[in-house]
Amino acid sequence: MEGNARGNGEGVTLARELVRAVRASSSTSLPEDVTTAARLHLLDAIGVGLAAAGSPIGVAYRGFAAEVVKGGPATVFGQSTGAGAADAALINGGLIHSLEFDDTHTASIAHGSAVLAAGALAVAEAQNASGAALLGAYARGWEVLIRFGLAAPNGFHAKGFMSTSVTGTLAVALLAAELMQLDEDRTLAAIGIALSQSSGVMEFLTNGSSVKSLHPGWAAHGGVVAAMLARSGMTGPETSLDGRHGLFRQFTGDEAAAGRFRGLIGGLGREWHLPKAAYKFYPCCHYLHPFIEAAGKLAERGVRAGDVERIVCRVPQGEAAVICEPWERKQAPDTGHAARWSLPIAVAAQLVEGKVDLATFEAPASPAVRELARRIEWEPLPGARFPERFEAEVVCKTRGETEKVRIDDVFGNHTRPPGADAVLAKFRANAARSLNTGSVGALEQAAGQLAGTPDLRALSAALRQTT
């Protein structure tokens, strides 16, 4: 077999090494800081999903839910009736990612919770798992997903694939297998089956189409289905990670990535990356956030939109293809949703309207915002540390003055962490789009007690009390 390590005289594939490492990690309790991070990120993701369920952007998922939600053990955001685990994972994962408001681990460019929270919650409800089992599987799924991204930095995106979607299918298969208590061989099969379902091309960037939200939803769905099929006896390739057509060679073309991944999985259970995952506080592409913050600082210095002659945004290499190209389209996107990946619109909206929030992207940009966007340019930012950090530099020329603002990393990342209060405030505002005030409080309380609950009944009940 290609890429095998040797252990005890037998060939051990990289996928089997991963399964063994995850299973060994699952035998011990999560550290306290990881438990806290898992609980807050899960609650944040649920809130974002509920916001999307109660927003115009969720219409496609609401329509789909009307056809498939016929009863079942797994909660569907915005619905009082449950569904099968795979359908719930698809809808919830899509909703969590619909608003571009979900968390990111910046160094691996992984939108973890959109795929992992959706998959873990659906399977945990279907399996009648404990709260600790849900948090544990979710946290370990994050650790695997992050390591996939770190093994091939920006490698998936450079080839035109969304790494969260491609690798998320395998990570959800792993966490689903854990919650279903599959043995080593069936867990290995689940990963192999998941590989055949991995997808997620970046062509949506041509028009900002809403199909991007399906990427993590479909990955969550695929991972759940893979584990279910493995449980029923389907097999998959054992060389799913290191084979000739395995994950890394097929999707990144990086011959060294599998070896880097092997080195990273040795730290599973000892080195935890989840506490370093970033929360998002604007509902748009994460690359835009430091530029929005920089525009806010310009406003604090007295810069007004009408005074701006020219703004130059200096952009890290690796981000421009998403938020800058083609520039003419970014200056005048067709829809509000497409503007979630527009650098000039995001910066102009902050300066013209004084804020960037959900409403910013629910309608096309105003004439005033578009007019300012036409006075914005971009150029590369030398020496940027992308993707480890999301940096920004903005130079603004007004009548007689030049202001420069630099942001060294995005707020919400581990270098500039938000307090729990900020995360909970975001959750409450988002959840209120689908739940009444009492249900929002009950959901927050149930999530806060997950680590000690024998089942998920309180969490599920609060989620299904829709307005």
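Analyst: One term to begin with: a contact means heavy atoms within 4.5 Å. Residues 24 or more positions apart account for 76% of the contacts in the protein chain with a separation of 6 or more.

User: What should I know about the model and the numbering?
Analyst: This is a predicted model, where local features need pLDDT of at least 70, side-chain atom pairs count only at pLDDT 80 or more, and totals for chains, interfaces and linings use all residues. Residues are numbered from 1 along each chain as its sequence is written, and side-chain values use heavy atoms, with hydrogens and water left out.

User: How many helices and strands are there in the protein chain?
Analyst: The protein chain has 20 helices and 6 strands. These are DSSP runs numbered from the N terminus: helices are H or I with at least four residues, strands are E with at least two.

User: And how much of the chain is buried?
Analyst: Buried residues make up 58% of the 467 residues. Buried means under 20% relative accessible area, exposed means over 50%, and partly exposed lies in between (1.4 Å probe, protein chains only).

User: Switching to rings. How many aromatic pairs does a search of the whole structure find?
Analyst: The search finds 10 aromatic pairs. One of them is tilted: the rings of Phe-156 and Phe-248 have centres 6.4 Å apart and planes at 45°. The rule takes rings of Phe, Tyr and Trp (its six-membered ring) with centres within 6.5 Å; planes under 30 degrees apart are stacked, over 60 edge-to-face, and the rest tilted.

User: Where do those two sit in the chain?
Analyst: Phe-156 is in helix H7 (residues 155-158) and Phe-248 is in helix H11 (residues 247-252).

User: Which rings does Lys-426 lie over?
Analyst: Lys-426 lies over the face of Phe-101, 4.3 Å from the ring centre. Its charged end also sits over the ring of Phe-281, 5.8 Å from the centre. The test is NZ of Lys or CZ of Arg within 6 Å of the ring centre and within 35 degrees of the ring normal.

User: Now the strands. How do S5 and S6 pair?
Analyst: S5 (residues 392-398) and S6 (residues 401-407) pair in the antiparallel sense over 7 bridges. Pairing takes at least two bridges found by DSSP between two strands. Lys-397 stands opposite Thr-402 in S6. The two strands form a hairpin with 2 residues between them, and Gly-400 in the turn has a positive phi of about 90°.

User: What about Asn-413, buried or exposed?
Analyst: Asn-413 is buried, at 0% relative accessibility. Its place is the loop between S6 and helix H18 (420-431). Leaving aside neighbours within four places in sequence, Asn-413 is in contact with Thr-106, Lys-276, Ala-278 and Glu-388.

User: Which peptide bonds are cis?
Analyst: Glu-325 and Pro-326 are joined by a cis bond, with omega about -10°. The bond from Phe-386 to Pro-387 is cis too, with omega near 5°. Most peptide bonds are trans, and most residues other than glycine have a negative phi.
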